[in-house]
Amino acid sequence: AHLARIDAVDEKVHAFLHVDREGALARARAVDAKRSRGEKLGPLAGVPLALKDIFTTEGVPTTVGSRILEGWIPPYDATVTKRLKAADVVVLGKTNMDEFAMGSSTENSAFGPTGNPWDLTRIPGGSGGGSSAALASYQAPLAIGTDTGGSIRQPAAVTGTVGVKPTYGAVSRYGMVAFSSSLDQGGPCARTVLDAALLHEVIAGHDPLDSTSIDAPVPPVVEAARNGNVKGLRVGVVKEFGGEGYQAGVMQRFTESVELLRELGAEVVEISCPSFDKALAAYYLIAPSEASSNLARFDAMRYGLRVGDDGGHSAEEVTSLTREAGFGPEVKRRIMLGTYALSSGYYDAYYGSAQKVRTLIKRDFDAAFGQVDVLVSPTTPTTAFPIGERADDPMAMYLADLCTIPVNLAGNAAMSLPCGLAPEDGLPVGLQIIAPAMADDRLYRVGAAVE
Ligand code: GLN
């Protein structure tokens, strides 16, 4: 049924870069066979899922939305892919994304943009716009995204779906193509809080193949999602998220959500996190710096595209020609920014300062969580903007992640869930819930209460 739905609508939506029709049907049949033999089935047996094209999939193309990996067929599965298979999930295919997860609109994909199912002329968010659009257009009931600065939560917000960035280190990064290793985190996307929890439980957990993977039990997210309740919970409203640049309808729905929390028994207080104002600046030094180092591996020798390998060019020229042809403008911009910020003489002024700001942000969160159990904010300052509107204005594009980026810098957990439609444009608004690291279950407890 989901493959038929993809056939019917994805020509318009363009959520998928690759539909693995045969693989999906084979897995579905294998699950059926297991069932009829009376064998024990995985926890998500037979449930179809859309996988962001940043996770390696053995025998199935993985492009990261880039020409540089065009034609590459990974010889191995990412840990997330492996866990999905072990849970008997049916992976339908790989979803569209901003190239190397750099973007907030999916317009930076080398393979064309994805439409927002609410209005196909608008962006579905990014970088994981394909995953969220697949959910919102009922092409899949579950999806996986990655969130370096907001790429799970922001697409969830603008498509009216649920997205969770787990605590840093909760979901293995093994086989997840690296953008900014100290920030990248895979996580679940779904249409309901409980669905997200069921998927969270399947993909999270310690992995010896990822040195930053947390070796501790996964918080009880499913139990929390089944017991939505905020009675007596202390909820902090981050004062710095709001005001100029925030759409009126977004703030209206957010204020109503805070009212609802209060009605349901939460104690609401205002919290100030003064360093959050500098989060965007710090992020755009740290993320490009790490990216410039991570992307050095795309040298035309190891994977995918190779240009100029005709006997007339040196190895260095082949690398250079391949990168020129294979990387898009945003990726090149980040590599240049990062290389500059890390260069000797500038390191302390840029990268070093950004790391200090990161510490301040972490301290603001620690102080806040000394007073409250969770923080709430709008997920994004505006609803989905028209495709093309911010394409030539990187700064305007970067602002889409104003409320989500501090969470990545501190390594905390956060969720975006729908909180209504903005009255002025009828488009979905997202509510962001933020919890301390390792308290991911709180997101689900609160999310399920207000859903
Ligand atoms: N939009 C942010 C960026 O472009 C975040 C992307 C992400 O979370 N992968 O870097």
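**Terms and their grounds**

Reply: In this predicted model, Ala279, Ala282, Leu285, Ile286 and Ser289 of helix H9 meet Tyr350, Tyr351, Ala354, Val357, Arg358 and Ile361 of helix H12. The residues of this contact comprise nine nonpolar, one polar and one charged.

Me: Which residues does UniProt list for "active site"?

Reply: The unreviewed UniProt entry lists Lys52, Ser127 and Ser151 under that heading. Although they are spread over 100 residues of sequence, they cluster in space, with a largest C-alpha distance of 10.8 Å.

Me: What makes Lys52 count as buried rather than exposed?

Reply: Lys52 has 32 other C-beta atoms within 10 Å. The criterion for a buried residue is 20 or more, so Lys52 is buried. Lys52 is placed in strand S2 (residues 48-52). Leaving out residues up to four places away in sequence, Lys52 touches Thr95, Met97, Gly128, Gly130, Ser131, Ile144, Gly145 and Thr146.

Me: How do you know that Ser151 is buried?

Reply: For Ser151 the count is 36 other C-beta atoms within 10 Å. Ser151 lies in the loop between strand S4 (142-146) and helix H5 (153-159). Beyond its neighbours within four places in sequence, Ser151 is in contact with Ala101, Gly126, Ser127, Gly128, Gly145 and Thr146. Among these partners is Ser127, which the UniProt entry also lists for "active site".

Me: Why does Pro75 count as exposed?

Reply: Pro75 has 8 C-beta neighbours inside 10 Å. A residue is exposed if that number is 12 or fewer, so Pro75 counts as exposed. Pro75 is found in the loop between S2 and helix H3 (79-86).

Me: How many residues apart in sequence are Pro75 and Glu58, and what is their distance in space?

Reply: Pro75 and Glu58 are 17 residues apart in sequence, and their C-alpha atoms are 5.0 Å apart.

Methods. Residues are numbered from 1 along each chain as its sequence is written. This is a predicted model: local features need pLDDT of at least 70, side-chain atom pairs count only at pLDDT 80 or more; totals for chains, interfaces and linings use all residues. UniProt positions are given in the numbering used here, feature names are shortened, and annotations may be inferred rather than shown by experiment. Helices (H or I, at least four residues) and strands (E, at least two) are DSSP runs, numbered from the N terminus. Two residues are in contact if their C-beta atoms, placed from the backbone, lie within 7 Å. Ala, Val, Leu, Ile, Met, Phe, Trp, Tyr, Cys and Pro count as nonpolar, Asp, Glu, Lys and Arg as charged, and the others, Gly among them, as polar.
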